[in-house]
Amino acid sequence: MSLPDFVSQLDALVSEAEQSFADAQSAEQLEAARIEFLGAKAGRLKAVQKLLGSVAAGDKPAAGKRLNEVKSAIESAFQAASERLENVVEEVCDETFDATLPGTSWTTGRIHPITQTILLLKDIMGRLGFTPVEGPEIEDSWHNFDALNVPTIHPARDPLDNFYLASAQLWGNGSSGGADMLRSQTSTVQIRTMQQRQPPLRIISLGRVYRPDTADETHYPMFHQMEGLMVDRGVTMSDLKTVLRLFATAYLGNSVPVRFRPSFFPFTEPSVEVDYYWNGRWVEFGGAGMVDPNVFQAVGYDPEQVTGFAFGLGVERLCMIRHGIRDIRDLYTNDVRFLAQF
Ligand code: PHE
C-alpha cells in the first residue's frame, strides 16, 4: 500500500471517530463507539494498523508517525466525549439531589394482615367456585335472627351478647328493614343473598361482626368471619367436608384433616363444629351444617327441591394460626412495628 493511500485511510478514520464520539448521547452509545474505533481486537484503528505491514519499507517511519498521531487524536476525542457526558450527569444531579441534606428513610405502606388474609381466602374459595358477596354491618334482627330460625326466646338474642342500637326492640320485633343492631354473625348475608337470587348458589361473605366480649388473647368485640353457602339439588354433608378440607389444605399449605363434632345452630341441621388438625393438635375454626328447611322457607326456597350447606369460620383465627400470632389484640393495636412484619 502506498503512503498516500495509508494516510488518507487514517484521516478518514479520525474524522469518522471524532464525529461518532461527538454524537454519543449516553455512556452506552459512547462505549459502543469506543469499541468500534478503539477496540483492542476488532477496532477499526487496529484494522488500519495492520495495513502498515504492506507499506514500503522506506515509507514506514512516516506512516508509523502518522498512525501514532491519529491514534492519540482519536483517544483524546474519546476522552473529551466522556467528560462531556459526565458533566451532563452531574448537572442533572445538581438540580435534583443534594447529597449534603440529612437523610430520611421512606417506608411504603402495606396491607393489614387481616385484609391480606381476606384476599387470600377469596382467592382460594374463588378457585372452588364460590363468589364473594357483601352485606351490611348494621342489620335488623329479622336477618340476624328470625330468618335464621333463631326462636324469639333464645339466649343468642340476649342484650348482653349483642350490640343493639338504642332504638331497637330487644326481643324479636319481627321487622325486616329497620336498623336494630351490629350484626353478630355473617350468616345474615346467607339470608340477603337467598332473598335476591335463585339456586344454585355458591357464595362466600367476608366481613366484620360484633359481640360485646371483653378483649383478651382470643376475644375482641369486633372480628371477621368467612361465611360460605352452597345450595343446589342434592348437596350433602360430604360436599361440606370436601370443601372445608380442600380449603384448609390450600390455606395452610399441607394436607389438613378435618374433624366434625356434633353441635347445634338454629339455622343448620345437623350442625357441627369444624376442627382442623394443624401442628399436632386439633384447632377449632368455626361452625357449619346443612341449611335448616325453615331457613329455606323464610327466603322462599322449596326445601323439597334443594339442599345446602353453610359454614362460618373465624378470619382472625385463620390469620393467627398461619402467622403464629398469639394475641388477637396485636392485630388491632396498630403498632406499626407489629404490622410491618406481614
Ligand atoms: N354463624 C355461626 C357463628 O357465628 C357460624 C355458622 C355459620 C354455623 C354457618 C353454621 C353455619 O357461630
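Tutor: Helices (H or I, at least four residues) and strands (E, at least two) are DSSP runs, numbered from the N terminus. This is a predicted model: local features need pLDDT of at least 70, side-chain atom pairs count only at pLDDT 80 or more, and totals for chains, interfaces and linings use all residues. Residues are numbered from 1 along each chain as its sequence is written, and side-chain values use heavy atoms, with hydrogens and water left out.

Student: Thanks! In which loop does Asn 149 lie?

Tutor: Asn 149 is not a glycine, yet its phi is positive, at about 70°. Its place in the chain is the loop between α6 (141–144) and β3 (181–182).

Student: Which strand holds Pro 270?

Tutor: Let's start with the backbone: Glu 269 and Pro 270 are joined by a cis peptide bond, with omega about -5°. Pro 270 belongs to residues 268–278, which form strand β7.

Student: Are α1 and α3 roughly parallel or roughly antiparallel?

Tutor: The axes of α1 (residues 3–23) and α3 (residues 44–51) come within 11 Å and cross at roughly 175°. Axes are lines fitted to C-alpha atoms, for helices over the stretch in contact, and angles run from 0 to 180 degrees between N-to-C directions. Angles under 35 degrees count as roughly parallel, over 145 as roughly antiparallel, 65 to 115 as roughly perpendicular and the rest as oblique. The two helices α1 and α3 are therefore roughly antiparallel.

Student: How many nonpolar residues does the contact of α5 with α10 have?

Tutor: Helix α5 (residues 113–127) packs against α10 (residues 315–323) at about 100°, their axes 10 Å apart. This makes the two helices α5 and α10 roughly perpendicular. Residues in contact (heavy atoms within 4.5 Å) include Ile 114 and Leu 121 of α5 and Leu 318 and Cys 319 of α10. By class (Ala, Val, Leu, Ile, Met, Phe, Trp, Tyr, Cys and Pro nonpolar; Asp, Glu, Lys and Arg charged; the others, Gly among them, polar), there are 1 polar, 2 charged and, to answer you, nonpolar residues numbering 8.

Student: What percentage of the ligand's area does the protein bury?

Tutor: A polar side-chain atom of Arg 211 is 2.8 Å from a ligand oxygen, and one of Ser 187 is 3.0 Å from a ligand nitrogen; polar contacts are pairs of N or O atoms within 3.5 Å. Taken alone, the ligand exposes 320 Å² (Shrake-Rupley method, 1.4 Å probe), and the share of this that the protein buries is 91%.

Methods: A polar contact is a pair of N or O atoms within 3.5 Å; within protein, one must be able to donate a hydrogen and the other to accept it, and residues adjacent in sequence count only if both atoms are side-chain atoms.
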